[in-house]
Amino acid sequence: MSTDPNIPALELKNLRFCWPGTAGFALQIPALRLMPRQHLFIRGASGSGKTTLLNLLSGIQALPEGEVFIAGERLQPQSAARRDFIRAEKVGVVFQQLNLIPYLSIVDNVRLAGAFTAKAMPTTARIEYLLTALGLSQNLWYGLANQLSVGQQQRVAIARALALQPTLLIADEPTSALDADNRDSFMRLLLAEATAANTTVIFVSHDRQLAEYFSWQLDMAQLALGVQPLAAGGPAVSTSLATNPDLQANPIEEPSAC
Amino acid sequence: MLVKLARLSLWHRKGTVMLTLCSLVISIGLLLGIDHIRLEAKQSFTSTVAGTDLIVGARSGQLNLLLYTVFRIGNATNNISYQHYQQISQHRAVAWTIPLALGDSHKGFRVLGTNPDYFKFFKYGAQQPLVFADGQPFAEVYQTVLGAEVAKKLAYKLGDQIILSHGVGVVSFSEHRGQPFTVVGILAATGTPVDQSVHVSLQGIEAIHQGWQNGMPSRRLQPSSLDAAKLAALQPTQITGFMLGLKSKAATFALQRQINEFKAEPLTAILPGAALAEMWQMLSFVENMLLVVTALVLVATLVGLTTTLLAAMNERQRELAILRALGARPWQLFWLIELEVLLTTLLAIGLAMLKLTAVLFVLKPWLSSNYGLVISVIPWHEHTVLLLSLLLGFALLLGAIPAYLAYRQSLSQGLMVRI
């Protein structure tokens with residue numbers, strides 16, 4: 001997918017979200033902007049709203065307040081059908097585990113990426129290229145997904161998330177079920193293929209050790225303060241920033257009643 | 001893609017799906033089977049007699065008259081005189097008549113006294129005439145023509161001699177021993193009561209009752225003492241009833257009224273079609289009950305299908321979340337579940353049809369020989385499409401419950417599945 005390097009891959013404005021019936025905002029982010037090909041690591045403890053954030057960024061959950069743009073196109077607020085459409089076209093998602101439909105073959109699982117879009121289905125050549133690049137041997141391709149090891153399943157999930165060269169890849173703790181060796185090769189493959197597909201990555205995890213794979217990182221608290229991972233060209237906001245939450249921070253207003 | 005997903009998803013859960021499918025096939029088979037046999041029985045029933053415009057007997061109810069003349073069930077309240085029969089058969093509107101004399105039997109099969117016109121004019125089903133499987137109509141007094149079922153069950157062949165009994169029970173205490181009848185013809189099977197009848201001439205009936213008084217043989221005059229000349233001169237004095245065909249259908253009601261108002265003797269004339277329809281109405285409550293029971297079985301099965309799907313919804317949360325993440329809309333997930341219901345039901349219908357056809361094929365000879373029910377093997381009628389559409393619609397309606405759950409879940413749960 002051709003991406004305009006000057007249009008942010010992801011832009012959040014004044015995001016505020018609260019669960020119905022609860023007081024106070026569960027999540028509020030004044031602003032977040034990710035340029036194309038940026039790979040951002042977001043760290044947060046369990047219950048810090050990571051999954052809610054991902055649901056809002058992928059348009060699965062409606063955003064009551066604020067705006068989300070993907071490659072310049074408004075995702076939130078938008079009708080549910082429109083959000084589903086944009087997600088199918090522009091967002092790839094990788095879960096913690098069990099990413100695959102167990103009764104489909106590997107190739108069909110990857111092909112499923114195009115099932116709900118207006119775009120052309122990913123070609124067999126593209127699928128085979130991705131599977132090869134991700135180190136899945138050819139004799140597995142037409143076998144059922146539930147015969148793979150967890151590590152192999154996660155690699156198929158990357159292939160599916162990147163099959164249509166989406167603008168944004170959202171990964172929700174995809175390494176949590178992998179051992180150290182597998183995790184390392186998984187991270188390298190994920191980021192290499194995302195780079196090759198010009199895809200921007202948001203990677204969410206509670207595991208600090210994974211931060212080393214990313215040039216940009218934030219934790220949930222910094223997000224709430226509006227700390228920005230700056231794009232290449234500007235002063236790089238990198239690992240050092242994470243230790244200094246006040247830098248680049250915008251003061252935020254007092255949270256009003258939800 | 002949705003169809004492929006539904007198909008493979010069903011295949012993935014083939015154990016439970018197979019069980020559901022089995023019960024669906026059984027109950028759909030039952031439904032179609034009962035419906036089919038009901039219609040075929042009705043068809044067979046209403047085609048017991050065809051082409052006859054009026055049936056005439058002594059004054060009684062129309063069902064009684066129909067039962068004893070056509071179905072050989074029950075007895076006439078009274079006989080009618082042969083002379084009046086001849087008088088009516090001379091009527092200018094009448095094309096043909098078939099006299100019927102009942103009251104005797106052979107080993108439980110009714111004996112019908114008639115004349116050779118019976119084999120010429122009697123029609124059943126779609127205006128089919130009687131056909132001889134073997135032999136020919138009777139020409140002499142002590143000759144008989146057997147229905148297909150009689151010949152088959154009692155293993156009679158041409159040339160065999162049989163003894164008739166007075167009365168209609170299987171065991172009779174007064175047999176017409178002196179006068180055996182020779183089998184000269186055997187009729188082909190018709191699927192009507194004709195198959196269960198023993199046909200003799202009116203003269204034959206008269207001959208075996210010569211010298212009888214008050215339903216008992218008299219000692220004075222033994223029938224065997226009749227010589228050939230006397231036999232030939234025998235004329236019946238009474239018959240039980242008769243069928244008649246008209247030259248023009250337009251005269252039906254006029255003639256019916258004339259016969260009903262016949263001065264010399266109290267008679268009743270009925271329209272066989274109307275009487276048959278009225279009788280079927282009386283019998284139809286049985287078929288309706290059967291249909292209701294089957295419909296309930298079917299509902300139970302469909303509820304079972306829904307339950308199976310509902311039970312699977314929990315383990316499919318993950319699957320639905322993945323599809324949502326890939327951009328599937330909630331209504332697409334709704335249709336995915338409905339498609340599974342549709343595929344299962346369609347498959348079940350197909351299999352049920354095949355099963356039913358096979359069963360009918362196997363049962364056909366048995367039904368025909370034991371119940372005189374001639375049915376077609378293909379369970380397809382005009383309204384079968386409607387019936388099956390209703391069935392599908394109902395399945396989809398029940399399937400909408402798990403489908404709606406999938407829809408709701410996919411709206412509220414988002415990408416995460418909480419375990």
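Is A:Asp207 buried or exposed, and at what relative accessibility? In this predicted model, A:Asp207 has a relative accessibility of 19% and counts as buried, because the cut-off for buried is under 20%. A:Arg183 lies in helix α6 of chain A, whereas A:Asp207 sits in the loop between β8 (200–205) and β9 (216–219), so the pair ties together parts that are 24 residues apart in sequence. A:Arg183 is also buried, with a relative accessible area of 18%.

Side chains of opposite charge can pair when their charged atoms come close. Over all chains, the search of the whole structure finds 19 salt bridges. One of them joins A:Lys50 to A:Glu173, at 3.0 Å from N to O. A:Lys50 belongs to helix α1 (residues 50–57) of chain A, and A:Glu173 to the loop between β7 (168–172) and α6 (180–196), so this bridge ties together parts that are 123 residues apart in sequence. Both ends are buried: A:Lys50 has 7% relative accessibility, and A:Glu173 has a relative accessible area of 8%.

B:Asp117 and B:Lys120 form a salt bridge at 4.0 Å, N to O. The two residues are three apart in helix α5 (residues 117–121) of chain B, so about one helical turn separates them. B:Asp117 is partly exposed, at 24% relative accessible area. B:Lys120 counts as exposed, at 53%. Elsewhere in chain B, salt bridges with shared partners link B:Arg13, B:Arg316, B:Glu319 and B:Glu340 into one network.

The two chains also meet each other. The size of an interface is often given as the accessible area lost when the parts come together. Chain B and chain A bury about 2500 Å² between them, and 67% of this area is on carbon and sulfur atoms. The contact takes 26 residues from chain B and 29 residues from chain A. Two salt bridges cross the interface. A:Asp84 forms a salt bridge with B:Arg324, with the closest N and O atoms 3.1 Å apart. Four residue pairs are in polar contact between the chains.

On the side of chain B that touches chain A, α1 (2–12), α11 (317–325) and α12 (330–371) each supply at least two residues. The largest share, seven residues, comes from α11(B). By type, the residues of this side divide into 13 nonpolar, seven polar and six charged.

How values were computed. Residues numbered from 1 in each chain as written. Chains lettered and ligands numbered in written order. Predicted model: local features only at pLDDT ≥ 70, side-chain atom pairs only at ≥ 80, totals over all residues. Heavy atoms only, no water. Salt bridge = Lys/Arg side-chain N within 4 Å of Asp/Glu carboxyl O. Helix = DSSP H or I, 4+ residues; strand = E, 2+ residues; numbered from the N terminus. Buried < 20%, exposed > 50% of the residue type's maximum accessible area, 1.4 Å probe, protein only. Contact = heavy atoms within 4.5 Å. Buried area = accessible area lost by both parts, 1.4 Å probe. Polar contact = N/O pair within 3.5 Å; in protein donor to acceptor, adjacent residues only side chain to side chain. Nonpolar A, V, L, I, M, F, W, Y, C, P; charged D, E, K, R; others polar.
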